[in-house]
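Colleague: I have a new structure to read. Could you walk me through it, one feature at a time?

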Amino acid sequence: MLMRERETIEVKRRHFLALEIYTLPNLLMGLSDGDGDGDGSSQLRQHVIVMRHGDRLDNAVPLWTASAPRPWDPPLADDGHVRAFTTGANLRKHLSFPIHRVFVSPFLRCLQTASGVVSALCAVDRKSDDPNDLTSNGVVIDPSKIKVSMEFGLCEMMNSLAIRPKVAPKDGIFNFDMAQCKSVLPAGTIDNTTEMIYKELPRWQETLEDTRARYLQVITSLADKYPSENLLLVTHGEGVGSSVAGCFEHVEVAEVEYCAYSVLHRSVVFKESKSFSAGQFVGSLNDLVGVQLVQVQET
């Protein structure tokens, strides 16, 4: 369809950089209370934030891949570390609900993004001699506030659309050292008791349709696993796009910026038997940051 037949909706709400360390506002509560059915049940609202990683080094320094031992797994650029920490600070300042758990793709750029965001969310002090340092350097955290786990199902789209063939492993095998991955995350925040939804990485050259279905399955499965907690999922651009596409009709996701995110929510009803039922995830344009949509007009 020609671009003149489309209407572009830009959803790029910009928060002022939250550079100082905030104490958790008293207004932050657990899951939002709802009305029960009069049968001893209780209804709550669960929130899930799906976020893209920050600026990747290979896009900022294209020659980096020429000598990198793992050219398919770039770290964050300096701007990416700043963006991750300031995004976490903005979430802490502006969200009306707390984040209880973080799940993160094993790719290094996502681990480093999660580290910066979690450091901002859990910060209690800053010990740094550089007032212009806008990263998590020198930040002291309370690791009891949030628990972090890795999830293979949140990994990059495993095909040549997302990972260039010239940098992908020739055998299609992507290896991650779990101990090394965990070392990137803030000390004391890792929950080693959780089990991944995906026990291994998706096979190389998965289709775009399979990738989108994977992201949606993992989002729902993680939410169902922790129905009484709010979650932050740090993943890749297609993961954010997939979460948005399921909430809006007649739109397509045109762009997902670095550290862009969507906020999904659903009602969860808990019975006296401790079982629960949950509604579908929904969102609104006000729940999107850094996501550009293209409205597809019906013909």
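Predicted model: local features only at pLDDT ≥ 70, side-chain atom pairs only at ≥ 80, totals over all residues.

Colleague: Is α3 mostly covered or mostly open, and how many of its residues are buried?

Modeller: Mostly covered: 14 of the 15 residues in α3 are buried. Take Ser119, which lies in this helix. Its relative accessibility is 7%, and buried means under 20%, so Ser119 counts as buried.

Colleague: Which residues is Ser119 in contact with, beyond its neighbours within four places in sequence?

Modeller: Phe85, Ser136, Val139, Ile141 and Pro186. Look at Val140 too. Ser119 and Val140 are 21 residues apart along the chain, and their C-alpha atoms are separated by 7.8 Å.

Colleague: Now the nonpolar core. How many residues does the largest one have?

Modeller: First the general idea. In soluble globular proteins, nonpolar side chains tend to be buried together. Here the largest nonpolar core has 44 residues. Those with the most contacts inside it include Ile49, Leu91, Val102 and Phe174.

Colleague: Which elements give two or more residues to this core?

Modeller: The helices are α2 and α3. The strands are β3, β4, β6, β7, β8 and β9. The largest share, eight residues, comes from α3.

Colleague: Which residues does Val102 touch, leaving aside its neighbours within four places in sequence?

Modeller: Val102 is in contact with Ala114, Val118, Ile146, Lys147, Val148, Ser149, Leu232 and Val234. There is also a second, separate core of 21 residues. Val50, Leu231, Val240 and Val256 are among them.

Colleague: On to aromatic rings. How many aromatic pairs does a search of the whole structure find?

Modeller: Seven. One is Trp72 with Phe174. This pair is edge-to-face, with 4.9 Å centre to centre and 80° between the planes.

Colleague: Why does the pair of Trp72 and Phe174 tie together parts that are apart in sequence?

Modeller: Trp72 is in the loop between α1 and α2, and Phe174 is in the loop between β7 and α4, so the pair ties together parts 102 residues apart in sequence. Trp72 is buried, with a relative accessible area of 8%. Phe174 counts as buried at 6% relative accessibility.

Colleague: What other aromatic pair does Trp72 form?

Modeller: Trp72 also pairs with Phe176, edge-to-face, at 5.5 Å centre to centre and 85° between the planes. Phe176 is in the loop between β7 and α4, so this pair ties together parts 104 residues apart in sequence. Phe176 counts as buried at 15% relative accessibility. Trp72, Phe107, Phe174, Phe176 and Trp204 form one aromatic cluster.

Colleague: Which charged residues lie over a ring?

Modeller: Arg70 lies over the face of Phe176, 5.3 Å from the ring centre. The charged end of Arg214 sits over the ring of Tyr215, 4.7 Å from its centre.

Colleague: Are Cys110 and Cys122 buried or exposed?

Modeller: Cys110 is buried, with a relative accessible area of 0%. Cys122 counts as buried at 0% relative accessibility.

Notes:
Residues numbered from 1 in each chain as written. Heavy atoms only, no water. Buried < 20%, exposed > 50% of the residue type's maximum accessible area, 1.4 Å probe, protein only. Helix = DSSP H or I, 4+ residues; strand = E, 2+ residues; numbered from the N terminus. Phe/Tyr/Trp six-rings, centres within 6.5 Å; stacked < 30°, edge-to-face > 60°. Lys NZ or Arg CZ within 6 Å of the ring centre and 35° of its normal. Contact = heavy atoms within 4.5 Å. Core = buried A, V, L, I, M, F, W, Y, C linked by side-chain atoms within 4.5 Å.
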